[in-house]
Amino acid sequence: MNLQQQQRRRQQEGVLSKYTNLIQGWQNRYFVLDPELGQLQYFVNEQGKSQKPRGSLPLIGASVTPSDEAPHMFIVNSVNGELYKLRASDAKEQQFWISQLQACARRHSDSSAKVRNTHKNHIMNLDDILYYDFY
């Protein structure tokens, strides 16, 4: 396994502030980006990592964009309509998370498109076979 593959498999994790409508404010949460699953999970704190995540956001087709609503804020918007408003501790950490999340979303979106296209080709070939068998 080369260095790029190792980095792709390594989980990115750390504390970010998440905006919550429940309390209408920012709460520190422990986030884990799982590049294999293509999802961003969060826990109440690092110790809670061994339990079920408090929330999980699929990154396939997701958009990750900086926001000027608050300092070092960015938004992760999933195709299922769910979004996380997140804040990093500084601009460097913000940019790091954004780039990691974007890369993961892109990787999973690209691989999904390949699977869909492969599946579509198999269906088309099956249609051709059925057509020639019956006519």
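**Close-up views of a predicted model**

**View 1. The β6–β7 pair.** In β7, L83 is the bridge partner of N77. Antiparallel strands β6 and β7 are joined by 5 bridges. Strands (E, at least two residues) and helices (H or I, at least four) are DSSP runs, numbered from the N terminus. Two strands count as paired if DSSP finds at least two bridges between them. The model is predicted: local features need pLDDT of at least 70, side-chain atom pairs count only at pLDDT 80 or more, and totals for chains, interfaces and linings use all residues. Residues are numbered from 1 along each chain as its sequence is written, and side-chain values use heavy atoms, with hydrogens and water left out.

**View 2. The β5–β6 hairpin.** Strands β5 (residues 63-67) and β6 (residues 73-77) run antiparallel, joined by 5 bridges. S67 stands opposite M73 in β6. The hairpin has 5 residues between its strands. In the turn, H72 has a positive phi of about 60°.

**View 3. The open sheet.** The order of its 7 strands is β4-β3-β2-β1-β7-β6-β5, with antiparallel pairing. β4 (55-58) and β5 stand at the edges with a single partner strand each, so one side of each lacks a neighbour in the sheet.

**View 4. The largest nonpolar core.** Of its 19 residues, L40, L59, F74, V76 and L101 touch the most other members. β2 (25-34), β3 (39-43), β6, β7 (83-87) and α2 (91-134) each supply at least two residues. The largest share, 5 residues, comes from α2. Such a core is a set of buried Ala, Val, Leu, Ile, Met, Phe, Trp, Tyr and Cys residues joined through side-chain atoms within 4.5 Å; buried means under 20% relative accessible area (1.4 Å probe, protein chains only).

How values were computed: Buried means under 20% relative accessible area, exposed over 50%, partly exposed in between (1.4 Å probe, protein chains only).
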